[in-house]
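Hi everyone, thanks for coming.

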Amino acid sequence: RTGSPAATREEGDPVWDPERPTLAFLQEVMDILSTKVIDFHYPNELLQEYNWELADQPQNLEEILMHCQTTLKYAIKTGHPRYFNQLSTGLDMVGLAADWLTSTANTNMFTYEIAPVFVLLEYVTLKKMREIIGWPGGSGDGIFSPGGAISNMYAMMIARFKMFPEVKEKGMAAVPRLIAFTSEHVRVSVPSEFKMMFRKARVEGMIPRGSLSRRHLLRENKGERTAEE
């Protein structure tokens, strides 16, 4: 129970509303957001300031609320209206509502039978994205990925499969040694990903931006077959 009057009523009370404690709890969590963007502490200071031990027994809402207060006190509040970053800015209420909706639904994106609405949302969103980049009628396929590094890896896997489809059944043993050509402005993860994905692979020197109209991503040593960007 929290300390608010609505949450201190006992069951059996004529006006008892089982939803009130939860609503009061959520309201108090939202009130925490009135704090500043960051209360910076060094790691050793935080370890001494806060109890990091994991409890063996379940905790009540009041204790959980205290943990929420401590977490938001020391965390960088990326949803704060005065927070700005290259990846995110202030709080977006529509995005927050969508996040609450997906968390409440707690749906796994396995199949249409498990997540009919979310599967269709994914389908129409990907179709719209393909239309934006110019694919006729939004035809094609696509997936969502959590970041740039794995997106680049997906792209290299597709390029490898296009030029060497036998790799799907026979593995890298059936593929000749591959060489990667990439721009000098390439994302820092690309060279490492290429070495991780391809057996006996090497990355050539970085190609100056604009020096090639269509840069090669993969090719055999003898240049007999290439996969272009």
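Before the layout, one term: helices (H or I, at least four residues) and strands (E, at least two) are DSSP runs, numbered from the N terminus. On that basis, the protein chain has eight helices and four strands. Going along the sequence, the order is α-α-α-α-α-α-α-β-α-β-β-β.

Please keep in mind that this is a predicted model, where local features need pLDDT of at least 70 and side-chain atom pairs count only at pLDDT 80 or more, while totals for chains, interfaces and linings use all residues. Residues are numbered from 1 along each chain as its sequence is written, and side-chain values use heavy atoms, with hydrogens and water left out.

How confident is the predictor? pLDDT is its confidence in each residue, from 0 to 100. The protein chain averages 77, and 76% of the residues score at least 70. For residues 1-8, the model has 19 contacts beyond four places in sequence, a contact being heavy atoms within 4.5 Å. For residues 212-229, there are 47 such contacts.

Now to the inside. Buried means under 20% relative accessible area, exposed over 50%, and partly exposed in between (1.4 Å probe, protein chains only). Of the 229 residues in the protein chain, 22% are buried. A nonpolar core is a set of buried Ala, Val, Leu, Ile, Met, Phe, Trp, Tyr and Cys residues joined through side-chain atoms within 4.5 Å. The largest one has 11 residues, among them Met-153, Phe-164, Leu-178 and Phe-194. Elements giving two or more residues to this core are α6 (148-163), β1 (178-180) and α8 (190-197), and α6 gives the most, with three. As background, nonpolar side chains tend to be buried together in soluble globular proteins.

Next, the charged pairs. A salt bridge is a side-chain nitrogen of Lys or Arg within 4 Å of a carboxyl oxygen of Asp or Glu. By this rule the count comes to three. One joins Lys-73 and Asp-39, at 3.0 Å from N to O. Lys-73 sits in helix α3 (residues 61-74) and Asp-39 in the loop between α1 and α2, so this pair ties together parts that are 34 residues apart in sequence. Asp-39 is buried, at 15% relative accessible area, whereas Lys-73 is partly exposed, at 38%.

Which residues pair with Glu-131? Lys-127 does, with the closest N and O atoms 2.8 Å apart, and so does Lys-128, at 3.9 Å. Through shared partners, Lys-127, Lys-128 and Glu-131 form one network. Lys-127 and Glu-131 are four residues apart in helix α5, so about one helical turn separates them.

Last stop, a loop residue. Where is Asn-106? You will find Asn-106 in the loop between α4 (93-105) and α5. Its phi is near 50°, a positive value in a residue other than glycine. For context, most residues other than glycine have a negative phi. Asn-106 is exposed, because its relative accessible area is 61%.

That's my tour, and I'm happy to take questions!

Technical notes
pLDDT is the predictor's confidence in each residue, from 0 to 100.
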